[in-house]
Amino acid sequence: MNVAPHYPRLTHIALHVRDIEACIRFYCGFCGMVETHRRESGHQTIVWLAEPEREQDFIFVLMNGGEDLQLSPHDYRHFGFALPSREAVDALAARARAAGCLIWPPRDEPYPVGYYCGVRDPNGNHVEFSHGQPLGPG
């Protein structure tokens with residue numbers, strides 16, 4: 001059965017960041033994203049990041065010249081990434097702790113939240129890594 005795509009369709013999130021190269025390293029290193037496009041014009045740099053094989057589905061657009069975010073400890077806005085196991089969540093949390101960017105140690109919540117941890121990107125955005133949610137793999 002061929003189903004027509006739904007519109008409007010979410011294709012990207014754009015982040016205006018202070019240190020674009022640090023954010024690229026974070027999203028490539030922690031999230032497994034890859035740079036798929038870079039455009040520079042004067043002082044403006046725009047970079048597209050995507051998960052491998054999802055370059056046509058959804059991307060992060062990073063733009064330089066932004067300000068760091070200062071989210072409160074009770075502010076749970078975040079980007080969510082699925083991991084294949086609880087052990088993968090624990091391993092990523094250990095990497096984040098060693099890098100000094102772990103903000104929510106691994107914890108277990110009732111369905112549909114699952115097992116997750118939270119990490120702060122170089123610009124101050126919160127990023128959740130989870131297993132056991134009804135979204136994505138695992």
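This is a predicted model: local features need pLDDT of at least 70, side-chain atom pairs count only at pLDDT 80 or more; totals for chains, interfaces and linings use all residues.

Residues are numbered from 1 along each chain as its sequence is written, and side-chain values use heavy atoms, with hydrogens and water left out.

**Overall chain**

- The chain contains 2 helices and 8 strands, where helices (H or I, at least four residues) and strands (E, at least two) are DSSP runs numbered from the N terminus.
- Read from the N terminus, the order of elements is β-α-β-β-β-β-α-β-β-β.
- Along its principal axes, the C-alpha trace spans about 50 × 50 × 25 Å.
- Of the 138 residues in the chain, 38% are buried (under 20% relative accessible area, with a 1.4 Å probe and protein chains only).
- Among contacts (heavy atoms within 4.5 Å) between residues at least 6 apart in sequence, 51% join residues at least 24 apart.

**Annotated domain**

- An unreviewed UniProt entry lists residues 9-132 as "domain: VOC"; UniProt positions are given in the numbering used here, feature names are shortened, and annotations may be inferred rather than shown by experiment.
- This span is 21% helix and 40% strand, and the C-alpha atoms at its ends lie 25 Å apart.

**Largest pocket**

- A pocket is an open set of points on a 1 Å grid over the protein atoms alone, where a 1.4 Å probe fits, with protein on both sides within 12 Å along at least five of seven lines; lining residues have an atom within 4 Å of a point.
- The largest pocket has a volume of about 540 Å³, the volume being the space filled by probe spheres set on the points, which are joined across faces, edges and corners.
- Its lining has 24 residues, and Glu51, Arg54, Gly80, Phe81 and Ala82 are the closest to the centre.
- Helix 1 (20-31), strand 5 (79-82) and strand 8 (126-131) each supply at least two lining residues, and strand 5 gives the largest share, 4 residues.

**Two buried residues**

- Asp75 lies in the loop between strand 4 (59-63) and strand 5, and Asp75 counts as buried because its relative accessibility is 16%.
- Leaving out residues up to four places away in sequence, Asp75 touches Trp104 and His126.
- Ala93 belongs to helix 2 (residues 86-99) and is buried, with a relative accessible area of 1%.
- Apart from neighbours within four places in sequence, Ala93 is in contact with Leu102, Pro106 and Cys117.
- The C-alpha atoms of Ala93 and Pro106 are separated by 6.9 Å, although these residues are 13 residues apart along the chain.

Conventions
Buried means under 20% relative accessible area, exposed over 50%, partly exposed in between (1.4 Å probe, protein chains only).
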